[in-house]
Amino acid sequence: MYILINSLFIIAGFVWGDWRNWKKYYPTILFFMIGDFLYNFLLYNKSMWLFHDTFLPNHTIITILEMVVTYSVTVLIYLGKFPEGWKKRTVWFLFWSAIFLFIEYINFEFGFITYHNGWNYWWSVFFTVVIFIILPIHHKKPLLAWLFSLIFILSLLTVFDVKISDLK
């Protein structure tokens, strides 16, 4: 499933991605990836979700593929085509949130993602909304995005009762 999804993202990236200006988006791509790396490293012993696939061997390989392909292409399209005006931006935000949530819903229904330690699809909805709000903030004001992210992450760690001893 993840090979199919990432193949579709690659195609979309070639068609709609702003590759000409990739250097402009590179810091935000790294920001997106670092968040996922931190989740996978810090919560190694207390994962909120795990990816499974028929062809790819494990969660780590799937996550790396997602970070390199899906996150890069998402930023190149999402920010590369980011519209002017709040109405258009809201529609764009909802469109991208819906894409990610639809993919996750299908993956959940077919067993390609499992939730653990109190996480569920509705937490993913909330998380996805925050991601697509924070990406344009990071693109324009990186330090503000890091501050918001730190507050958000600390809040989630508190809500899900992740203790220092739970960290790797």
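## A friendly note on this predicted model

1. **The overall plan.** Following the sequence, the protein chain runs in the pattern α-α-β-α-α-β-α-α. In total there are six helices and two strands; helices (H or I, at least four residues) and strands (E, at least two) are DSSP runs, numbered from the N terminus. With 168 residues, the protein chain has a radius of gyration of 16 Å, close to the 15 Å of the globule rule, so it is as compact as a globular protein of that length. That radius is taken over C-alpha atoms, and the rule is 2.2 Å times the number of residues to the power 0.38. The C-alpha trace spans about 45 × 35 × 25 Å along its principal axes.

2. **Before you read on.** This is a predicted model, in which local features need pLDDT of at least 70 and side-chain atom pairs count only at pLDDT 80 or more, while totals for chains, interfaces and linings use all residues. Residues are numbered from 1 along each chain as its sequence is written, and side-chain values use heavy atoms, with hydrogens and water left out.

3. Of the 168 residues, 42% count as buried. Here buried means under 20% relative accessible area, exposed means over 50%, and partly exposed is in between (1.4 Å probe, protein chains only). The protein chain exposes about 10,200 Å², and carbon and sulfur atoms supply 73% of that area. Accessible areas come from the Shrake-Rupley method with a 1.4 Å probe; for residues, only the protein chains shown count as cover.

4. **Contacts across the sequence.** Take the contacts between residues at least 6 apart in sequence: 75% of them join residues at least 24 apart. A contact means heavy atoms within 4.5 Å.

5. **A nonpolar patch on the surface.** Which residues form it? They are Ile-10, Phe-14, Trp-19, Trp-22, Tyr-26, Leu-30, Ile-34, Leu-38, Phe-41, Leu-42 and Trp-146, with about 1,100 Å² of accessible area together. Two elements, α1 (2-16) and α2 (22-42), each give two or more residues to the patch. The largest share, seven residues, comes from α2. Trp-146 sits in helix α6 (residues 142-159) and, at 36% relative accessibility, counts as partly exposed. Patches are made of residues with over 30% relative accessible area and no salt bridge; like charges are joined within 9 Å, and nonpolar side chains (Val, Leu, Ile, Met, Phe, Trp, Tyr) within 5 Å.

6. Look for Ile-77 in helix α3 (residues 59-78). Ile-77 is buried because its relative accessible area is 4%. Leaving aside neighbours within four places in sequence, Ile-77 is in contact with Ala-12, Gly-13, Trp-16, Gly-17, Trp-92 and Trp-96. Although Ile-77 and Trp-96 are 19 residues apart along the chain, their C-alpha atoms are separated by 9.8 Å.

7. Is Lys-46 buried or exposed? Lys-46 is buried, with a relative accessible area of 15%, and its place is in the loop between α2 and β1 (49-51). Beyond its neighbours within four places in sequence, Lys-46 is in contact with Asn-117, Phe-160, Asp-161, Val-162 and Asp-166. A polar atom of the Lys-46 side chain lies 3.0 Å from the backbone oxygen of Asp-161.

8. **Two residues with positive phi.** Most residues other than glycine have a negative phi. Asn-117 is not a glycine, yet has a positive phi of about 55 degrees. You will find Asn-117 in the loop between β2 (113-115) and α5 (121-140), partly exposed at 39% relative accessibility. Asp-161, also not a glycine, has a positive phi of about 50 degrees. Asp-161 lies in the segment after α6 and is partly exposed at 45% relative accessibility.

9. **Salt bridges.** How many salt bridges does the structure hold? There are two, where a salt bridge is a side-chain nitrogen of Lys or Arg within 4 Å of a carboxyl oxygen of Asp or Glu. One joins the side chains of Glu-84 and Arg-89 (3.8 Å, N to O). Glu-84 counts as exposed at 62% relative accessibility, while Arg-89 is partly exposed at 24%. In another, Lys-163 pairs with Asp-161, with the closest N and O atoms 2.7 Å apart. Lys-163 is partly exposed, at 41% relative accessibility.

Conventions. A polar contact is a pair of N or O atoms within 3.5 Å; within protein, one must be able to donate a hydrogen and the other to accept it, and residues adjacent in sequence count only if both atoms are side-chain atoms.
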